[in-house]
Amino acid sequence: MLKKKTAGVGRNAPCPCGSGFKYKKCCLGKKVSKPYDFKKLYAQKYKIRLKQKKDIEGIRKAGRLAVDTLRLAESEIRPGITTDDINMLVHKFTIKNDAVPGPLNYRGFPKSVCVSVNEVVCHGIPGKRVLKDGDIVNVDVTPVLDGYYADANKTFFVGTPDSDARNIVRVACESLKKGISMVRPGNRIGDIGWAIQRYAEGEGCSVVREFIGHGVGFAFHESPQVPHYGRKGEGIILVPGMVFTIEPMINLGKRYLSVLEDKWTTVTRDGSLSAQFEQTFLVTDNGCESLTPYDFERILNA
């Protein structure tokens with residue numbers, strides 16, 4: 001149970017009861033026989049399963065493993081290795097740590113990690129592709145530890161990047177930061193996408209719309225959906241206990257995509273570079289916490 005007073009909803013925020021009115025003109029100050037049961041309300045209305053203390057700690061542990069896995073992958077990425085080398089590294093490390101890789105066999109996906117190089121936007125299937133100096137490569141991991149899922153990815157430089165590679169990685173990283181800045185109780189999901197789209201397009205890049213963030217924790221993909229574009233003030237109200245990913249995919253060229261014959265690998269239609277960063281976030285009473293935290297400044301200063 002979460003009382004109205006401690007839910008962190010501002011006076012001018014939309015009322016959590018779902019009336020559509022501002023909190024101050026709806027339920028603020030009303031005498032109620034019972035406090036709002038946000039867990040029940042959000043489960044019934046939005047199919048969102050709010051996380052409790054035990055769940056959050058489980059996701060946090062899986063999140064630490066996700067970050068450690070990305071750190072290991074980064075240490076091994078260099079010209080000459082294949083994307084399948086990264087897959088084997090991630091797979092072995094995940095199993096060694098008593099977890100299982102969420103992507104493996106998920107809806108038929110054949111590998112333990114998504115590895116997306118240059119023009120590959122997402123869902124790159126690891127294989128024989130050799131990384132070359134100047135490439136950018138995204139590694140997307142989802143360990144499942146003790147039944148809890150955590151989802152995170154980073155885009156890395158392979159060798160020495162050129163100016164285009166540096167630019168798209170910078171914009172993608174900053175886009176995630178812009179999205180994070182909007183995560184707090186009383187804001188709406190649309191605020192996240194609005195902030196990302198406004199920034200990325202202002203930098204001359206485009207935002208992928210076909211793939212979005214999502215709830216995570218009990219399953220690989222849960223409600224709510226979290227678009228990386230949209231309008232401020234629209235969408236579901238954020239309340240404490242919500243756990244979801246923000247994972248903007250940003251293209252150097254236009255936003256249009258094509259899916260290859262393997263039905264997974266998604267590329268930019270114009271062949272332009274694409275970069276992505278993702279973390280799993282918890283909405284707290286006063287803001288948010290990353291359950292898969294990593295250092296943004298190190299990326300931006302690389």
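**Close-up 1. The salt bridge between Glu74 and Lys154.** In this predicted model, Glu74 forms a salt bridge (a side-chain nitrogen of Lys or Arg within 4 Å of a carboxyl oxygen of Asp or Glu) with Lys154, and the closest N and O atoms are 4.0 Å apart. The pair links distant parts of the chain, since Glu74 belongs to helix α2 and Lys154 to strand β7 (residues 152-157), 80 residues apart. Helices (H or I, at least four residues) and strands (E, at least two) are DSSP runs, numbered from the N terminus. Glu74 is partly exposed, with a relative accessible area of 26%, whereas Lys154 is buried, at 8%. Here buried means under 20% relative accessible area, exposed means over 50%, and partly exposed lies in between, as found with a 1.4 Å probe and protein chains only. Residues are numbered from 1 along each chain as its sequence is written. As the model is predicted, local features need pLDDT of at least 70 and side-chain atom pairs count only at pLDDT 80 or more, while totals for chains, interfaces and linings use all residues, and side-chain values use heavy atoms, with hydrogens and water left out.

**Close-up 2. Salt bridges around Glu57.** Side chains of opposite charge can pair when their charged atoms come close. Glu57 pairs in this way with Arg60, the closest N and O atoms being 2.7 Å apart, and both residues lie in helix α2, three residues apart, about one turn of the helix. Glu57 also forms a salt bridge with Arg64, for which the closest N and O atoms are 3.7 Å apart. Both Glu57, with a relative accessible area of 29%, and Arg64, with 43%, are partly exposed. The structure holds twelve salt bridges.

**Close-up 3. Thr69 inside helix α2.** Thr69 is placed in helix α2 (residues 53-76), and it counts as buried, at 3% relative accessibility. The side chain of Thr69 reaches the backbone oxygen of Leu65 at 2.7 Å.

**Close-up 4. A patch of positive charge on the surface.** Arg11, Lys22, Lys24 and Lys25 gather in this patch. Patches are made of residues with over 30% relative accessible area and no salt bridge, with like charges joined within 9 Å and nonpolar side chains (Val, Leu, Ile, Met, Phe, Trp, Tyr) within 5 Å.

Close-up 5. Most residues other than glycine have a negative phi, and most peptide bonds are trans. Asp98, in the loop between α3 (83-96) and β1 (100-101), has a positive phi near 60° and counts as exposed, at 66% relative accessibility. Arg107, in the loop between β1 and β2 (114-117), likewise is not a glycine and has a positive phi of about 50°, and at 69% relative accessibility it counts as exposed. The peptide bond from Ser223 to Pro224 is cis, with omega near 5°, and Pro224 is found in strand β10 (residues 222-226).

Conventions: Accessible areas come from the Shrake-Rupley method with a 1.4 Å probe; for residues, only the protein chains shown count as cover. Lys and Arg count as positive and Asp and Glu as negative; His and the chain ends are not counted. The place of a charge is taken as NZ of Lys, CZ of Arg, CG of Asp or CD of Glu. A polar contact is a pair of N or O atoms within 3.5 Å; within protein, one must be able to donate a hydrogen and the other to accept it, and residues adjacent in sequence count only if both atoms are side-chain atoms.
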